Amino acid sequence: MHRILQNIILLFFCCIVGSSFAQMPGTRIYTLTDEYQEQPRINTLFQVKQGYILVGTTKGLYRFDGINFKKLDKEKDVTDNVTAICAISGNEILVGFNNGNIGKLQNNQIALLSLKEGFPKVAISKILSDQDGVIWIATAGEGLYYLKNNNLYNINTDDGLTDNFVYDITVTQFSNVIAATDHGINICSANEKNKVVKSFTTKDGLPDNIVRCLFTADALHVWLGMQDGGVQYYNTKLPDSLPSEPWQYGQVNAVMAISSNVFIATEDRGLLVFNSNADNKITTLQYKDERLRKVSCLLRDREGNVWAAGNNQLMRTVGSELQPVYAFKSDSYDDLHALLYAKNGDLWFNKKQKLVHLSKLPDGSLKENEFTINSIAPQSDITSLFQDEKGNIWIGTMGSGLIILDPLTGKHRSIIEDPLLINGSILSISGKNNLIWIASLEGAVSCKGSDTDKSINQTFKCSNYADDKNLGSKYVYDILTDSKNRTWFATDGKGVILLDNNTFTHFNKPGQINNEVVYKIVEDNQGNLWFSTFNNGIIKFNGKNFTSFGIAQGLSDLNITSLAISGNYLLAANKDGIDLVNTNTGNISYLNEEQGLNNINQDLNTFTKDELGNIYFANGYTIYKYQTPFQLQQKPSIVIDKIQLFLTDTTIQSGCSFASDENNISFFYTGLFYSQPDKIQYQYKLEGYEKEWVSTNDHVQNFPQLPPGVYTFRVRVSLNQDFSLASEAGFTFTIKEPFWQQLWFIILSVIILAAIIFFIIKQRESAIEKYNNLEREKIQSQLETLRNQINPHFLFNSFNTLISEIEDNPDKAVIYVEHLSDFYRSIVMHKEKDFISLEEEINILNDYFFIQQKRYGNALQIAMSISLQQQKTYFVVPLALQLLFENAVKHNVVSAENPLQIELFINDTEQLVVRNNIMAKFQPEKGSSMGLQNIQKRYELLCGRTVTVDNDNHFFTVKLPLIKQ
Amino acid sequence: MVKFKPVIITTFSLVTCIFSLAGFTQTGAVFQTSNGKTSFRSDAPLELIRASSTDLVGIIDDEKRTFGFVINIRSFDGFNTALQKQHFHENYMESDKYPTARFNGKIIEDQDLTVDGVYEVRAKGNFTIHGVTHERIIKSKLTVSNHKILVTSNFTLLLSDYDIPIPRVVYQKLANEIKVEVTATLLPR
């Protein structure tokens, strides 16, 4: 980032008494210093369509916004020394360099143009685009080039050009190009076939062969600025010998003519402003500013300011809008009450009770002539001046009545036709045709002159309105006869009163003019009436409605005495400046300290108008002429300079889309109004995010974490609080929804969610069913077990065994019964459980085995190889082992010869293996498989594991899964 | 310390330099000098600095309307003090780095310089001092008599234009504006 140190020196006009040349009024000097503290020299200036002023310097291209310089980026191969800037079709900007290269400015960056013919080898002095889109390039040593249909052509001395060093070119009518060279000027045109060069040199009557600058005045005429011969106005169609006139200001680097002012930039005598006469001959030197001794280039911006640049300084002048006309020769300007522009171009004003006549000499200068009028008492003052249609000057005084003066003879007399005028105190004089109105502290007086007698001695028919019945107020400040011949009175006490067809109408109702004190009335070109009030701003009356203009509408001050109409502008004076109200749009712009105005004389009668609509007024020691700007920009424009995404520059166009996470956006914008750069204020609004406009003075707005949506960033600029007419810039963009908020994702999510819920419900249903099954199986198992155990056969066997035991060994019988009861208790105890430990199961088995062994003896053998540790670790479904044992005993022949061997062990895959050798009964037991199936089902339901049953005719093997708790 | 080259050798090299620069042909319309007088003065508030040289080498081609002038900066002499001279060469002009000042270009006016008379002409070209080149137009008086051209010219140079730094201490001693006076008689070759 380039940070440009900028110094602004504000230098305001201050007239030095007795000096022949004034400095330019209202100038502001900007000093350009780059980041290395070096001082780039300004070679060229250009204002682009969007409003920026581009400054081409020896150290790069700068963009100037009225306060700061910003160096524009360039690509690596682009040199620094900018010598020419030009806008071609559209918004394209071409930049010429000292080394002959030509670049193009895009996105605020300069890239070299690609020309198949290559670049010139010498400095580019000027680039222009003519009406047909042909680009003309002037070079310092290779003549002229033109770029047509992508081909580059050259016009040099071989084609008849008088010199190859071209300083400047300008386009005239019919796409002729005039080239200023070291050897006169050349009028060039080029069509497909041939190049035509017509030269005009000292031999043809050019005062000086070195023509350094050109300025197209109109279709036929060009101003020439020469190295030694000053400036001349030149007719391109009928070239005639130009007079060689002495010129004392040295080399002319640039020339520019605006209305009757000719601005001349000199090499070492500063900026000169001459007046030119009707024949476009420069006449008097209006002012000379030497603060910039060397002025290299000039620019007139769209507001009418004229810029002069030399070395590293850029000076804004007010251009031709405001011209100092006359400097008071003493401090009597304090006593100025009346200023009058007379029909022959003379100015009249009062110096206390004396009258001063400024007559215009043939050379344009003003000659001062003082009148003393004896009938005006020494302690009195002249308050008002008026020139009637016959040319006589009317002089209103404070306490000494009304005097009429013949300006040609100097003869004068007091008008005493009405008693109110005798020693009256006159506040203003106005009139239309033959009827003169006098506003005074005693009331209003009308004086009708003779139709034939033009002398001051004619008798006036006067009537007065001093009576309360008519006006209601004796203090009349101003009287206006409008275009419909109605008479308006501005009074102190009763506001505005209209006299139409001998009827008086007051306008003091609510919604009209709510002010008792009205100072001045003027009528604009559309017939609207404008009133200035005491502390209530300005009121406009369009014949139907009253519109107020106050601070909110942009007025600088509410207490306004002086009003004047010039073209489409109403001038409202306050002490520190003049507010310019556009009578069509209501837009308000300003002439103030920036333009060198800071001490305006606001007396009632110090604003006077010439026949062209120019206004003369006094500021401090100086009488100024205000020239109505024609088609000039009177309000600031606004440019969005760049957009940043997460504080990084992006090059995107309005209407673009961002991803949902690209939601940190900054907008950089600049309001441009070079006449009042310090008054710039902004309002912005992000449509889609905020509803209200936000006022700010910042040049950047950052919007972090924007939610998805469509937005329009709008920013507008104004010089005051009224933004209703403001220029606006906008940028529309979209932040997309994140994928989780887009429709396809939502639908997908709903489907997945439904599927999950469906699955859970299913799962739960099956779990319930499983539980039910388990319960059923459990009951089944209990039933089975109980059925087996209270199987009469078992009981019978057990009781037989018990009987024999009781007989043989009663002690053992007790043990037997203990085991039997343990066995039944275990069944009852564990029947409800899902799992019991292997240890408990083996205990049940042991009880059962003990009971059975009593019956079978050694014919029933059990081999158990399970450690106590394993017994405690693992769990099985209750009574499974007992059931398997029971099955084994039930299905096999148990005999001493072939004992039934039951093995019980845990295999490698953590299964409890119950294996017995098969000695199948010849007649198998009925309903036998119930118990095994029950075990299988219970395992299935409880833990989803299978019980494997294997019968290989030798061994019957059941593998029970072991559960670890 | 400053080395002194024999001025003659330098002058010779400068002449060849000019010839090669301007590409002059051997015609009767060529005038040259190798002992033109050049002096300058700086009217600073506190101290007047001035020096002069008689080693200006120059050439004018009447036919091609071109010219070239070169001066060896070291040939300037006549300073108020030896210290002033040393400052001039070492601090301001950097004479070892930039040993010459030159001005070559074209003559704007069309007068025939083979005819006796006094002509005011403008010489336009590239002026190089202290390694910095600027385009200049310099007004000169040419007095032609007996096939000799007497060139007299007065002009000013701005130190700031040629990147010649003025230290703050001597700001009062050295003016930004230097007045230069040239007088040279060119003889036909």
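**Close-up views of a predicted model**

View 1. Val913(A) stands opposite Lys959(A), a residue of strand S73(A).

View 2. To find your place, look for Val949(A), whose bridge partner in S73(A) is Val958(A). S72(A) and S73(A) form a hairpin with three residues between the strands. Within this hairpin, Asn953(A) has a positive phi near 75 degrees.

**View 3. Strand S57(A) is largely enclosed.** How many of the five residues of strand S57 (residues 622-626) of chain A are buried? Four of them are, so the strand is largely enclosed by the rest of the structure. One of its partners is strand S30 (residues 322-327) of chain A, which runs antiparallel to S57(A) and is joined to it by five bridges. In that pairing, Ala327(A) has Thr622(A) of S57(A) as its bridge partner.

**View 4. A hairpin links S56(A) and S57(A).** Strand S56 (residues 615-619) of chain A pairs with S57(A) in the antiparallel sense, over five bridges. Phe617(A) stands opposite Tyr624(A) of S57(A). The hairpin of S56(A) and S57(A) has two residues between the strands. In the turn you will find Gly620(A), with a positive phi of about 60 degrees.

**View 5. Four strands of chain A make an open sheet.** Reading across the sheet, the order is S59-S58-S61-S64 (chain A), and the pairing is antiparallel. Which strands lie at the edges? They are strand S59 (648-650) and strand S64 (700-703) of chain A, each of which pairs on one side only. On average, neighbouring strands of this sheet are turned by 35 degrees against each other, direction ignored.

Ser637(A) stands opposite Leu672(A) of S61(A).

**View 6. Chain A touches chain B through a few residues.** Four residues from chain A and four residues from chain B take part in the contact. On the chain A side, these residues are one nonpolar, two polar and one charged.

**View 7. Stepping back, chain A is divided into four stretches.** These are domain 1 (38-285), domain 2 (389-622), domain 3 (637-739) and domain 4 (747-964). The centres of domain 1 and domain 2 of chain A, taken over C-alpha atoms, are separated by 49 Å. Chain A has seven helices and 74 strands. Its radius of gyration is 55 Å, well over the 30 Å that the globule rule gives for 965 residues, so chain A is more spread out than a compact globule. Along the principal axes, the C-alpha atoms of chain A fill a box of roughly 180 × 90 × 45 Å. Buried residues make up 42% of the 965 residues in chain A.

Technical notes:
Residues are numbered from 1 along each chain as its sequence is written. Chains are lettered from A and ligands numbered from 1 in the order in which they are written. This is a predicted model: local features need pLDDT of at least 70, side-chain atom pairs count only at pLDDT 80 or more; totals for chains, interfaces and linings use all residues. Two residues are in contact if their C-beta atoms, placed from the backbone, lie within 7 Å. Ala, Val, Leu, Ile, Met, Phe, Trp, Tyr, Cys and Pro count as nonpolar, Asp, Glu, Lys and Arg as charged, and the others, Gly among them, as polar. Two strands pair if DSSP finds at least two bridges between them. Axes are lines fitted to C-alpha atoms, for helices over the stretch in contact, and angles run from 0 to 180 degrees between N-to-C directions. Domain bounds come from an automatic or database domain assignment. A residue is buried if 20 or more other C-beta atoms lie within 10 Å of its own, exposed if 12 or fewer, and partly exposed in between; C-beta atoms are placed from the backbone. The radius of gyration is taken over C-alpha atoms; the globule rule is 2.2 Å times the number of residues to the power 0.38.
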